[in-house]
Amino acid sequence: PHATVVDEDQGQPDTLATGLVFVLSGPSGVGKSTLIERLKADQFPITHCVTATTRPRRHGEEHGKHYYFLAEAEYDQLLDRGQFLEHAVVHNLYRYGIPLHSIRDGLRRGKDVILAPDVQGASTVRCKLPNAITIFLRPPSLEELAPRLAARGTETQAERRIRLATAEREMQRMSEYDYVIVNHRDRLDQAVGDLKGIVRAER
């Protein structure tokens, strides 16, 4: 199977490459970043495409590793130049976008890449890259998300309410994905194993 490289100017499919595109998405607080960090720690052979965002940096996050943390003006410049594969305002709060160079560079080297957009962004990626393999990461129940969001202490109570309301709508879109992984709070190794198994199976 082949993934499609994205043209740097138009945000549209360009030339064929041997790398596969994996899209890991799901509600806020479900653990997408944690799973990707585990893949890195295990030296699992896949390239993570870093997302750009206008949200503030959380404690321990590094620019260029976890996200590209951009000022509104910097984000606008990339947007005006058509440099995002997809972009969206998430939770009516901050803007997120996947820079084209982040995905293009890996694919042109023949590497498999993994993206971690929100559910809205994943829908856009699916339209632009129809060969992408989509994976929905979900909690065992919506009730589990509230303590996860509260525990990380990075949002106000009002912001958490917005994220939980969004999560309820997002959970209804699971059927749009190729795979679903349940991420139990005390069984991270199982979710990581499931993710690795999906990547190996698709290869």
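Predicted model: local features only at pLDDT ≥ 70, side-chain atom pairs only at ≥ 80, totals over all residues.
Two strands count as paired when DSSP finds at least two bridges between them.

To β9 it is joined by 3 bridges, and the two strands run parallel. V23 has L115 as its bridge partner in β9. V21 has V113 as its bridge partner in that strand. To β10, β3 is joined by 4 bridges, again with the strands running parallel. Here the bridge partner of F22 is I133.

## Inside β3

How many of the 5 residues of β3 are buried? The count is 5 of the 5, so β3 is largely enclosed by the rest of the structure. In a regular strand, side chains alternate between the two faces of the sheet. In β3, V21, V23 and S25 point one way. F22 and L24 point the other way. Residues on both sides are buried.

Helix α1 (32-41) belongs in this picture too.

## The four-stranded sheet

A second open sheet is made of 4 strands, and its order is β6-β5-β8-β7. The pairing here is mixed. β6 (67-69) and β7 are the edge strands, each with a single partner, so one side of each has no neighbour in the sheet. From one strand to the next, the twist averages 25°.

Strand β5 (residues 51-53) is joined to β8 by 2 bridges, and the two run antiparallel. Within this pair, A52 stands opposite G97 of β8. Helix α4 packs on this sheet and touches β7 and β8. The direction of α4 makes about 155° with that of β7.

## Helix α3

Helix α3 spans residues 100-108 and lies across β6, β7 and β8. It runs at about 25° to β8. Its buried residues are L100, S102, I103, R104, G106 and L107. Just after the helix comes G110, with a positive phi of about 80°.

## Helix α4

Helix α4 covers residues 119-128. V119, G121, A122 and V125 are buried in it. An α-helix has 3.6 residues a turn, so residues three or four places apart point the same way.

What do the buried residues of α4 pack against? Strands β3, β7 (84-90), β8 (94-99), β9 (113-115) and β10 (133-138) are on the list, together with helix α6 (157-171). The N-terminal end of α4 is capped by D118. A side-chain oxygen of D118 lies 3.0 Å from the backbone nitrogen of Q120.

## The cysteines

How many disulfides are there? The count comes to 0. For C49, the nearest cysteine sulfur belongs to C127 and is 18 Å away.

Are C49 and C127 buried or exposed? C49 has 1% relative accessibility and counts as buried. C127 has a relative accessible area of 65% and is exposed.

Q43 sits in the loop between α1 and β4 (47-48). Its phi is positive, at about 55°, although Q43 is not a glycine. Q43 is exposed, with a relative accessible area of 70%.

K196 is found in helix α7 (residues 188-202). Is K196 buried or exposed? Its relative accessibility is 15%, so it counts as buried, the cut-off being under 20%. Which residues is K196 in contact with, leaving aside neighbours within four places in sequence? They are L39, D42 and F44.

Technical notes
Residues numbered from 1 in each chain as written. Heavy atoms only, no water. Buried < 20%, exposed > 50% of the residue type's maximum accessible area, 1.4 Å probe, protein only. Contact = heavy atoms within 4.5 Å. Polar contact = N/O pair within 3.5 Å; in protein donor to acceptor, adjacent residues only side chain to side chain. Axes fitted to C-alpha atoms, helices over the stretch in contact; angles between N-to-C directions. Disulfide = S-S within 2.5 Å.
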